[in-house]
Amino acid sequence: MLGNIRRVLRMVKPSKMMTSAAGQTEKRAHCTSIQLLHDCLVVNHEEQQMHVSYVWLRDHCCDSYNSVTHQRSLDTAAIDLAIRPQSASVEEDRLVITWPGGHVSSYSFKWLTENSYQEVKRKTVQPRILWNKDVYENANIASAKWDTFMKSDDELKTFLQNYLLYGIAFVDDVPATVEATEAVSQRVSLIRETTYGKMWCFTADLSRGDTAYTNMALDRHTDTSYFHEPCGIQVFHCLKHEGTGGRTLLVDGFYAAEKLRERSPENFELLTRVPIRHEYIEVSETHKNHISSVGPVLSVYPWNREVYQIRYNNYDRAAINTIPHELVQRWYAAHRQLTTELRRPENELWVKLTPGMVIFIDNWRVMHGREAFTGLRQLCGCYLTRDDVLSVARGFGLKA
Ligand SMILES: C[N+](C)(C)CCCC[C@H](N)C(=O)O
Ligand SMILES: O=C(O)CCC(=O)C(=O)O
Ligand SMILES: [Fe+2]
């Protein structure tokens, strides 16, 4: 029987008749072959070779999935880890496996390819357009308009596409009230309540123990870096400003991170590997907070090294005590180099937020800051939960 399993199966798929866009008929022969090794199946399909483990194949059989609930329904722990097919064959564009006991599974080669490690490793999870000031301004992205935005799914979809690609997006002509800001935020997704409330409205009154509640300048940063899951999206609406200054600074952190990766891969890697602590400590009569978290400055997906999150907030960083002595100096140098990229004037986009203009900022990607100001300035906004925003985008067929 083992000999049978080790047998090499080679089958040539019948050539496919394909009609090209020009209307001509072309012949394309795909050659798919499989080989049953002792511990895995080797698939050669469309010039790609994949190694597929047997337990993985059994675990991903169609009987493992409930297509009504879209959940798995097979107890993975019930699969013999040493399972081997009784036989396997190529039938048209599918792999068909008979397991000991007679259960038959079938998988399309398309699905197997899409779910192979090497294919996923090649792909970007979240397609993006990296920007500096010129790139963003030359892209000339139109803001969504309140009226259409609140009614039209196409407008919302276009807004989300811009948001996904650039990490910022605007809605204009929004009534300058907290209620309308809440409505425009909820049109996108769910508001994330934090210690600052659900919707917040703040001014330079030090009502909370944080520099945001002053009229001082704020260097570029990400918010809530002291959460293990920093808030995904930040929404700002300037309801009123009678005074000078107070412009908002925006910097694409992914652009800076990629520059760092190009110029110094070692420094980039160090910032992905070393966890540091951030904290928010507030002790007043009305508020008591001691929030603390650890995480690296740059988070990358382990399988493709794509950056998916930046934590960068020098105000909220805690004492550095999570880095061994041998690495401290190198970590500071790496952090300095990232800061240099983030501070290049050509990477800074300055905008004056005005009543009516609501900005959505990807707080895992785009840093914000503010210029010092005079006079009464009132800003309102909220945070949104990232997973729900991405879920809405996927619902529109966007890659997120
Ligand atoms: C936005 N809002 C004014 C409510 C909060 C500001 C939080 C500021 C904090 N240092 C941080 O960066 O997370
Ligand atoms: O006042 C501003 O423009 C932004 C302040 C800030 O960084 C924040 O509220 O998170
Ligand atoms: Fe902030």
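Which residues are closest to ligand 1, and how many surround it? There are 14 in that shell, and Asp-210, Thr-224, Tyr-226, Asn-313 and Asp-316 are the closest; to count, a residue needs a heavy atom within 4 Å of the molecule. This is a predicted model, where local features need pLDDT of at least 70, side-chain atom pairs count only at pLDDT 80 or more, and totals for chains, interfaces and linings use all residues. Residues are numbered from 1 along each chain as its sequence is written, chains are lettered from A and ligands numbered from 1 in the order they are written, and side-chain values use heavy atoms, leaving out hydrogens and water.

**Ligand 1**
- Asp-210 has a side-chain N or O atom 2.7 Å from a nitrogen of ligand 1, a polar contact (a pair of N or O atoms within 3.5 Å).
- Asp-316 also reaches a nitrogen of ligand 1 with a polar side-chain atom, at 2.8 Å, while Asn-313 puts one 3.1 Å from an oxygen.
- On its own ligand 1 exposes 380 Å², and the protein buries 96% of that (areas come from the Shrake-Rupley method with a 1.4 Å probe).
- Its shell splits into 7 nonpolar, 4 polar and 3 charged residues; here Ala, Val, Leu, Ile, Met, Phe, Trp, Tyr, Cys and Pro are nonpolar, Asp, Glu, Lys and Arg are charged, and the others, Gly among them, are polar.

**Ligand 2**
- The residues around ligand 2 include Phe-202, Gln-234 and Arg-377.
- Oxygen atoms of ligand 2 lie 2.8 Å from a polar side-chain atom of Asp-223, 2.9 Å from one of Arg-370 and 3.1 Å from one of His-368.
- Taken alone, ligand 2 exposes 290 Å², of which the protein buries 94%.
- The shell around ligand 2 holds 5 nonpolar, 3 polar and 3 charged residues.

**Cavities**
- The structure has 4 cavities of 30 Å³ or more; a cavity is a set of points, on a 1 Å grid over the protein atoms alone, where a 1.4 Å probe fits but cannot get out, and lining residues have an atom within 4 Å of a point.
- A volume is the space filled by probe spheres set on the points, which are joined across faces, edges and corners.
- The largest cavity holds about 370 Å³ of space, and among its 24 lining residues, Ala-212, Leu-218, His-221, Asp-223 and His-368 are closest to the centre.
- Ligand 2 sits in the largest cavity, with more than half of its atoms within 2 Å of the grid points.
- The second largest cavity, at about 110 Å³, is lined by residues including Gln-126, Tyr-163 and Arg-386.

Technical notes: A polar contact is a pair of N or O atoms within 3.5 Å; within protein, one must be able to donate a hydrogen and the other to accept it, and residues adjacent in sequence count only if both atoms are side-chain atoms. On a 1 Å grid over the protein atoms alone, a cavity is a set of points where a 1.4 Å probe fits but cannot get out, and a pocket is an open set with protein on both sides within 12 Å along at least five of seven lines; lining residues have an atom within 4 Å of a point.
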